Amino acid sequence: MKAAVIESVGRAVVAEVPDPTPGPREVVVEVAACGLCGTDLHILQGEFAPKLPIVPGHEFAGEVVAVGTQVTELSTGDRVAVDPSLYCYECRYCRSGHNNLCERWAAIGVTTAGGAAQFAVAPVANCVKLPEHVRTQDAALVEPLSCAVRGYDVLQSRLGAHVLIYGSGTMGLMMLELAKRTGAASVDMVDLNQQRLSTAQLLGVSSSATNADELDRPQGWDLVIDATGNSAAIQDGLNRVAKAGTFLQFGVADYATRVTIDPYRIYNQEITITGSMAVLHSFERAAELFATGVLDPDIFISDRMPLTSYPQALEQFASGVGRKIVVVP
């Protein structure tokens, strides 16, 4: 079968690889679409993945075409979205309910072969069946949405909060949609990319700007979310949190990224700084939200490119052109 392969740092190709076969409690999914994510760029840079080469792709959906000998929950022909998370269920973090912090954390498309291919293997427990009205090619959005749902689980946000989001890419826009549905009094957005801000405006952001100084909230925001991983955005956002407010580090930064905090201000103004890592008990809820139409796939997915163009799709994604880019085998 054809698959995208990150062969070495900075090099991605499309190559022939062996067809996968399912283990006893696994299924083989014929991939309908696989989304690109900032994590894929980190893997390309040599971060996250324990070793290369790797078939990337942790945001994917498709049709079950083979099942393992002990699988009874799914049948061939079922359409599924796949949670890429692979946990050991044995370490102290798994035992305490923090599986996303697993000491042996792994993920399909990050540490094992993923969905940027014609076929992919997944544990049956990681597959969520799609309702009839959901298009399989759109369901690659379920995984990033599940990360956004996890972010809001961490926040435990209250009604009437004023929210500021840095970054109007896919994840920032998803956080915008969830903020609107969790009772935010206002949701503002900052991004240097005016084209992406235009999408935020289409989705009903309260106000948007290329610099937070242009927004009218001198007292700060109750909730500030970084969805960029960019040090300048993070630093600016930390300084915009209102008294008793919360800063959420949601965007994935490079390992070397550093910012400065003001410990006295954090103490004196009771500011909370927290993070949200990947998926935790949120994939099924994201699938249900997606089925209700919480996201418009035609707005969120800007480009559908053939799998054979995966290296070019990565380049386009890295350049900031478009929103969610998916590859279609």
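Q: What does "partly exposed" stand for here?
A: Partly exposed is the class between buried, under 20% relative accessible area, and exposed, over 50%. The model is predicted, and in it Ile261 has a relative accessible area of 45%, so Ile261 counts as partly exposed.

Q: Where does Ile261 lie?
A: Ile261 sits in a loop, with strand E14 (241-249) on one side and helix H7 (263-268) on the other.

Q: Which residues make a nonpolar surface patch with Ile261?
A: Patch members need over 30% relative accessible area. Here Val259, Ile261 and Ile273 form a nonpolar patch of about 230 Å².

Q: How many cavities of 30 Å³ or more are found in the whole structure?
A: A cavity is space where the probe fits but cannot get out. The search of the whole structure gives 1 cavity of 30 Å³ or more. The largest cavity holds about 40 Å³ of space.

Q: Which residues line the largest cavity, and of what class are they?
A: Its lining includes Tyr152, Ser157, Arg158, Thr182 and Leu223. Ala161, Val163, Ala179, Gly183 and Ala184 also belong to the lining. By class, 6 of the lining residues are nonpolar, 3 polar and 1 charged.

Q: How is the second largest pocket read?
A: A pocket, in contrast to a cavity, is an open set of points. The second largest pocket contains about 170 Å³ of space. It is lined by 13 residues, and those closest to its centre are Asp83, Tyr87, Tyr89, His281 and Glu284.

Q: What classes make up the lining of the second largest pocket?
A: The lining has 6 nonpolar residues, 5 polar and 2 charged.

Note on methods. Residues are numbered from 1 along each chain as its sequence is written. This is a predicted model: local features need pLDDT of at least 70, side-chain atom pairs count only at pLDDT 80 or more; totals for chains, interfaces and linings use all residues. Side-chain values use heavy atoms; hydrogens and water are left out. On a 1 Å grid over the protein atoms alone, a cavity is a set of points where a 1.4 Å probe fits but cannot get out, and a pocket is an open set with protein on both sides within 12 Å along at least five of seven lines; lining residues have an atom within 4 Å of a point. Grid points are joined across faces, edges and corners, and a volume is the space filled by probe spheres set on the points. Ala, Val, Leu, Ile, Met, Phe, Trp, Tyr, Cys and Pro count as nonpolar, Asp, Glu, Lys and Arg as charged, and the others, Gly among them, as polar. Patches are made of residues with over 30% relative accessible area and no salt bridge: like charges are joined within 9 Å, nonpolar side chains (Val, Leu, Ile, Met, Phe, Trp, Tyr) within 5 Å. Accessible areas come from the Shrake-Rupley method with a 1.4 Å probe; for residues, only the protein chains shown count as cover. A salt bridge is a side-chain nitrogen of Lys or Arg within 4 Å of a carboxyl oxygen of Asp or Glu. Helices (H or I, at least four residues) and strands (E, at least two) are DSSP runs, numbered from the N terminus. Buried means under 20% relative accessible area, exposed over 50%, partly exposed in between (1.4 Å probe, protein chains only).
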